[in-house]
Amino acid sequence: MQHLSAYLMEIPDLNEAEGRVLYQEIDSVVDSWLNRKGVADLSADKSTFVSKTEGQTGSVTQAFFSNDQGDLREVILEEPTYDGHTFRTALRVVRSSLRVVVYLTLAARNSHSIIRPGFVVPRCPEIIHKIRGLRDDWSLGTTKLGAGGVIDFTEEADGIRLASSILSPRRTMPIVAVSVDEGEERWPGLSKQIARDLSALATLVRLSEEASWGLTDEVGSRLSCFNGAVRLYWPVLKGTVEHRVPGRVWTPDRLSNLDRDGEGMEKLRDQLRMTVMSAAALGVEPPFEIQEIRSHRARMRIRKLEEDGKSTAEELVLAQEFLKENEELREEIKALHQVIAQMKGGYEVEGNAVDEPEEAGEANAGEESPEPQPGETRFYKKTHSKPGYDVLVQVADCGHNNWESAHSAHKARKGLIRLEGKDDWTLLNHCATCTGGGRWRVRW
C-alpha cells in the first residue's frame, strides 16, 4: 500500500459543550458525504455503494467509540479506480477534553500483484473542504489554517511580513507563493486552483510586484519570488541558519517548459500536490487520543470479563478486535516505511523543480547568477523605481529585435550597478517593444 497524504486539523481549548456541538456538526457533514457517495445505511459497521468507476463497488467500514476519554468516529472508504488501483480514505474525528481533531489519510494499492512504480496523483478529498468550511479557526500545531483560499499581498509591507513568516521556526505548514508579472499570473486562476489543491496542507499567497520586492529586500533575490514564478517554502527547523529555507522554485522559464504541450498548469498542480502531500504523509502524526479512546474501551471490557469470570465467547471477540487493530497498525507501518524510502530517494529538501533542460544561455528570474563575464550578454527587466535608481532583475531574452541605444538612462545604469556590483559593460540597449518597465540588453 502506498501512503499518499495525511491531513490534521484541530481546534484546541474548547469547553465541553462547544466540543460536543462541533463534533456533532462534523458528524453530520460526514453523514452527508457518505450519503452523496451512495451509502444507504449511515450507521452500519460495513456497507457498500456503487462506485463512480463503472461497474465497480466501493466499501465503507465504520466504528464508533464513546467513553470517559472522549468520542471517536472512524470511517474507512475504499473505492476502485480506472487505472487498476484501490483508493483508500481513512477518516477519524476525535473529541476529547483537550480539543476536537480531524485526521484523514489517503492511500492506494494495486488491485492485483504487479511490479511497477506508482503514479497515483491524489486530490484533496471533498470532506476536508466541507469540514474546514464549518469554522475559520482550525490549526495545525502553531499555524492557523484560516478561512482558506488565496491571501493577496499587494503592498511592499506585505512582502516584509511574509519574509517574517517564511523565516519563523514556529511555522508548521509550507507556504506556496504565486507571483505576478505585469499584474498577471502565469495562468489565469492559478493561485485559486493551487489553494484548493493544497487546502489544509499549505498557505497560498499571491504576490504583487510591490510585495515581491518587499520580500526581496528582506530575504534576497535567491529566496524571493517574482516575475510570475511560483515558489514552495518548507517550514524551517529550529537552529537553521538564517535565510536557508528549503523549498522548490518554478521560474518563468521552467513554467514555459512545462507548457510546451499546453498542459503546463495541470503539470504544475500535479507536481505541487505530489510534493506537498508526500511530505504530509511522513510529517503528520495521528492524534494520540485515537489510541487512548480505543484502548480505554478495551481496558473496560477486560475489566468486565474479569468481573464476569471471563466468558469464552467474549474473550474471542476481544481477541478478534486486537487482531484487527494489529493488522491495521502493520499496514500503516508498512506504508510509512514505503514513504520513508520514497522520501530518501526523491524528496527534494532544497533545490529547483527541473522537468526539461532549459535553453542554453537563459537566465532564471529569482535565482542568483555568477558575476557577468567579459563578452557575456545578459538581459534585465525594470520592476519598479526607487529614489535615485531603478530596481532591475535578470531575465531571459524577450525575443524582440527592436533594441535602441540608451545614452541617458541614468537610473537604469545605477540600478544595474547595484544589482551586479560593477559598471564595465560595453553596450547598453533598451527594447523599444517591451512594456511594463521594459527590458535591457547589456553586453559586458
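## Ground rules

Contact means heavy atoms within 4.5 Å. This is a predicted model, where local features need pLDDT of at least 70, side-chain atom pairs count only at pLDDT 80 or more, and totals for chains, interfaces and linings use all residues. Residues are numbered from 1 along each chain as its sequence is written, and side-chain values use heavy atoms, with hydrogens and water left out.

## A glycine in a strand

G58 sits in strand β3, residues 57-67. Helices (H or I, at least four residues) and strands (E, at least two) are DSSP runs, numbered from the N terminus. G58 has 1% relative accessibility, so it counts as buried. Buried means under 20% relative accessible area, exposed over 50%, and partly exposed in between (1.4 Å probe, protein chains only).

What does G58 touch, leaving aside its neighbours within four places in sequence? Its contacts are S47, T48, F49, S51, E78, E79 and P80.

## Two helices side by side

Helix α4 (residues 190-197) and helix α7 (residues 264-283) have axes that come within 10 Å and cross at roughly 30°. Axes are lines fitted to C-alpha atoms, for helices over the stretch in contact, and angles run from 0 to 180 degrees between N-to-C directions. That angle makes α4 roughly parallel to α7. Angles under 35 degrees count as roughly parallel, over 145 as roughly antiparallel, 65 to 115 as roughly perpendicular and the rest as oblique.

Which residues make the contact? From α4 come L190, Q193, I194 and D197; from α7 come M265, L268, R269, L272, R273 and M277. They divide into six nonpolar, one polar and three charged. Here Ala, Val, Leu, Ile, Met, Phe, Trp, Tyr, Cys and Pro count as nonpolar, Asp, Glu, Lys and Arg as charged, and the others, Gly among them, as polar.

## A histidine and the cysteines

H129 belongs to helix α2, residues 126-132. H129 is buried, at 17% relative accessibility. Beyond its neighbours within four places in sequence, H129 is in contact with C124, R196 and S199.

C124 is also buried, with a relative accessible area of 13%. C225 is buried at 1%. How many disulfides are there? The count is zero, where a disulfide is a pair of cysteine sulfur atoms within 2.5 Å.

## Positive phi in two loops

E182 has a phi near 55°, a positive value in a residue other than glycine. E182 lies in the loop between β10 (175-179) and α4. E182 is partly exposed, at 39%.

N227 has a positive phi of about 60°. N227 lies in the loop between α5 (209-219) and β12 (230-233). At 11% relative accessibility, N227 is buried.
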